[in-house]
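Have the sequence and the 3D view ready, and follow along as we go.

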Amino acid sequence: YLQFRSEYDQPIDDEYVETLRKNMAQAAKGEPLLIAEYYFLENSEDFLAESELTAYDALAQSLSWFGAAILFFILLSSNWILEQRRTEIGERMASLGINSAVVTLAAGLAVVTYCFIAAAFSLADSSFWIAFELEVYAKLLFFIALYCLASTGLAVFISGFLNSGIDLMIIAPMVTMANAILGELFVELPAWAGVLEKLSIIFPGRVLSMAL
């Protein structure tokens, strides 16, 4: 510091130097501003080396997020099941000789088809950034088709216990998050969550993550 001052023609007297030393000694008694700790590991180069993600890994992860989000849409779309149980709609369908099971099946397949087409376009759009083979594309579409079918079945099952669309809107976010977290669509469950991992098999998200 003294050398720096002298080089720029800013010399200081002995009294200033003594005061500076006292201030530095006092500051050294306080808490440190920065602590650097070093940890050395055996084979640290192997430990720090990360495996490169493949195109399939990237597509599978994006498909997992897509599956986590699309369940919310499928659950809310199952409101047509509740509509069929209303008196005026049920009577109208009965007067026309329409079987409610046929309507449920048709509406469910319409939702599955919509979600499947959205997934197909999303994966196709990824080809602009990620190079992958047609076989991988077909395999992922097969997985998402089964997932949409299973999710629609879950939505039909849940709707059978509800009375109104408001009930469906309340429960849809909770089921969506449970499916995404327990189904390991976002991240893998920790080692201590063994019981939750076994319970998660009731969610279609768990089956999708296992398939991927």
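Here is a short tour, going from the whole chain down to a few charged residues.

First, some ground rules: this is a predicted model, where local features need pLDDT of at least 70, side-chain atom pairs count only at pLDDT 80 or more, and totals for chains, interfaces and linings use all residues. Residues are numbered from 1 along each chain as its sequence is written, and side-chain values use heavy atoms, with hydrogens and water left out.

**The whole chain**

Helices here are DSSP runs of H or I with at least four residues, strands are runs of E with at least two, and numbering starts from the N terminus.

Of the 212 residues in the protein chain, 30% are buried. Buried means under 20% relative accessible area, exposed means over 50%, and partly exposed is in between (1.4 Å probe, protein chains only). The chain exposes about 15000 Å², with 64% of that supplied by carbon and sulfur atoms; such areas come from the Shrake-Rupley method with a 1.4 Å probe, and for residues only the protein chains shown count as cover.

Now for contacts, meaning heavy atoms within 4.5 Å. Take those between residues at least 6 apart in sequence: 70% of them join residues at least 24 apart.

**One salt bridge**

How many salt bridges does a search of the whole structure find? It finds one. The partners are Arg 206 and Glu 184, whose side chains meet at 2.6 Å, N to O. Arg 206 sits in helix α11 (residues 204–211), while Glu 184 lies in the loop between α9 (165–182) and α10 (194–199), 22 residues apart. A salt bridge needs a side-chain nitrogen of Lys or Arg within 4 Å of a carboxyl oxygen of Asp or Glu. Side chains of opposite charge can pair when their charged atoms come close.

Are the two partners buried or exposed? Arg 206 counts as buried because its relative accessible area is 9%, and Glu 184 is buried too, at 18%. Here they are beside two other residues from this tour:

| Residue | Relative accessible area | Class |
|---|---|---|
| Arg 206 | 9% | buried |
| Glu 184 | 18% | buried |
| Glu 18 | 39% | partly exposed |
| Ile 201 | 45% | partly exposed |

Leaving aside neighbours within four places in sequence, Arg 206 is in contact with several residues, including Leu 182, Gly 183 and Glu 197. Helix α11 also has Pro 204, Gly 205, Leu 208 and Ser 209 among its buried residues. The buried residues of α11 pack against α4 (55–77), α8 (134–159), α9 and α10.

Ile 201 is in the loop between α10 and α11. Ile 201 and Leu 182 are 19 residues apart in sequence, yet 8.5 Å apart in space, C-alpha to C-alpha.

**Charges without a bridge**

Arg 5, in helix α1 (residues 2–7), is buried yet has no salt bridge. The nearest side chain of opposite charge is Asp 13, 8.8 Å away. With neighbours within four places set aside, Arg 5 is in contact with Gln 10, Pro 11, Ile 12 and Tyr 16.

Asp 13 turns up again in a negative surface patch, along with Asp 14, Glu 15 and Glu 18. Patches are made of residues with over 30% relative accessible area and no salt bridge, with like charges joined within 9 Å and nonpolar side chains (Val, Leu, Ile, Met, Phe, Trp, Tyr) within 5 Å. Lys and Arg count as positive, Asp and Glu as negative, and His and the chain ends are not counted; the place of a charge is NZ of Lys, CZ of Arg, CG of Asp or CD of Glu. Glu 18 belongs to helix α2 (residues 14–28).
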